[in-house]
Amino acid sequence: MHELSIAQSLLDIIVDESKNHRLGHVNLVRLRVGELAAVVSESLRFCFDLVSRDTVASGAIIEIETVAVTARCDKCDFSFEIKDRVFECPRCAEPVFEMVGGRELYVMSIEGETGEEDGADKGAGGS
Ligand SMILES: [Zn+2]
């Protein structure tokens with residue numbers, strides 16, 4: 001399943017990032033997904049709920065921003081956004097096959113809490 005493997009690699013990124021930023025729990029993850037990545041938001045959220053169980057990101061809210069597909073015309077070198085899945089140059093009406101954007105899936109930001117409620121390590125220094 002497409003979304004399941006995406007959710008899994010997404011979780012890997014989040015776990016890494018939360019370690020880097022010493023987050024005890026992740027509350028919110030903002031994603032940017034290209035239209036061509038063909039990710040179904042609801043399906044991705046569902047899969048992420050599954051894989052993130054008992055991890056630092058369990059119960060985190062996934063916000064997904066969809067980015068338009070961009071393409072470049074071979075003939076006149078014009079770059080433009082693909083709208084309504086019309087793969088045609090708006091300038092010279094040439095069909096375009098070269099997509100320059102829209103397949104990406106980026107983690108834009110991760111919000112969470114540092115796991116310092118107990119205060120046990122406060123003032124220990126060392127690092
Ligand atoms: Zn053109």
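## Terms first

A residue counts as buried under 20% relative accessible area, as exposed over 50%, and as partly exposed in between. Phe78 has a relative accessibility of 23%, so this residue counts as partly exposed. The model is a predicted one.

## The chain as a whole

The protein chain has two helices and six strands. From the N terminus on, the order of elements is α-β-α-β-β-β-β-β.

Buried residues make up 28% of the 127 residues in the protein chain.

Two packed helices are described by the angle between their axes and the distance between the axes. Here, helix α1 covers residues 2–20 and helix α2 covers residues 41–51. They pack at an angle of about 55°, and their axes are 8 Å apart. That angle makes α1 oblique to α2. The crossing of α1 past α2 is right-handed.

Which residues of α1 and α2 meet? From α1 come Glu3, Leu4, Ile6, Ala7, Gln8, Leu10, Leu11 and Ile14. From α2 come Ser43, Leu44, Cys47, Phe48 and Val51. By class, this contact of α1 with α2 has 10 nonpolar, two polar and one charged residues.

## One aromatic pair

How many aromatic pairs does a search of the whole structure find? The search finds one. Its partners are Phe78 and Phe80, with ring centres 6.0 Å apart. Their planes lie at 20°, so the pair is stacked; planes under 30 degrees apart count as stacked.

Are the two partners buried or exposed? Phe80 is buried, with a relative accessible area of 9%. Phe78, at 23%, is partly exposed.

Most residues other than glycine have a negative phi. Two residues deserve a look here. Arg22 is not a glycine, yet Arg22 has a positive phi of about 50°. Asp77 is not a glycine either, and its phi is positive at about 65°.

Where is Arg22 found? Arg22 is in the loop between α1 and β1, the strand at 23–34. Arg22 has a relative accessible area of 62%, so this residue is exposed. Asp77 has its place in the loop between β3 (69–72) and β4 (79–82).

Note on methods
Residues are numbered from 1 along each chain as its sequence is written. This is a predicted model: local features need pLDDT of at least 70, side-chain atom pairs count only at pLDDT 80 or more; totals for chains, interfaces and linings use all residues. Side-chain values use heavy atoms; hydrogens and water are left out. Rings of Phe, Tyr and Trp (its six-membered ring) pair if their centres lie within 6.5 Å; planes under 30 degrees apart count as stacked, over 60 as edge-to-face and the rest as tilted. Buried means under 20% relative accessible area, exposed over 50%, partly exposed in between (1.4 Å probe, protein chains only). Axes are lines fitted to C-alpha atoms, for helices over the stretch in contact, and angles run from 0 to 180 degrees between N-to-C directions. Helices (H or I, at least four residues) and strands (E, at least two) are DSSP runs, numbered from the N terminus. Angles under 35 degrees count as roughly parallel, over 145 as roughly antiparallel, 65 to 115 as roughly perpendicular and the rest as oblique. A crossing is left-handed if the near helix is turned anticlockwise from the far one by less than a right angle, and right-handed if clockwise. Contact means heavy atoms within 4.5 Å. Ala, Val, Leu, Ile, Met, Phe, Trp, Tyr, Cys and Pro count as nonpolar, Asp, Glu, Lys and Arg as charged, and the others, Gly among them, as polar.
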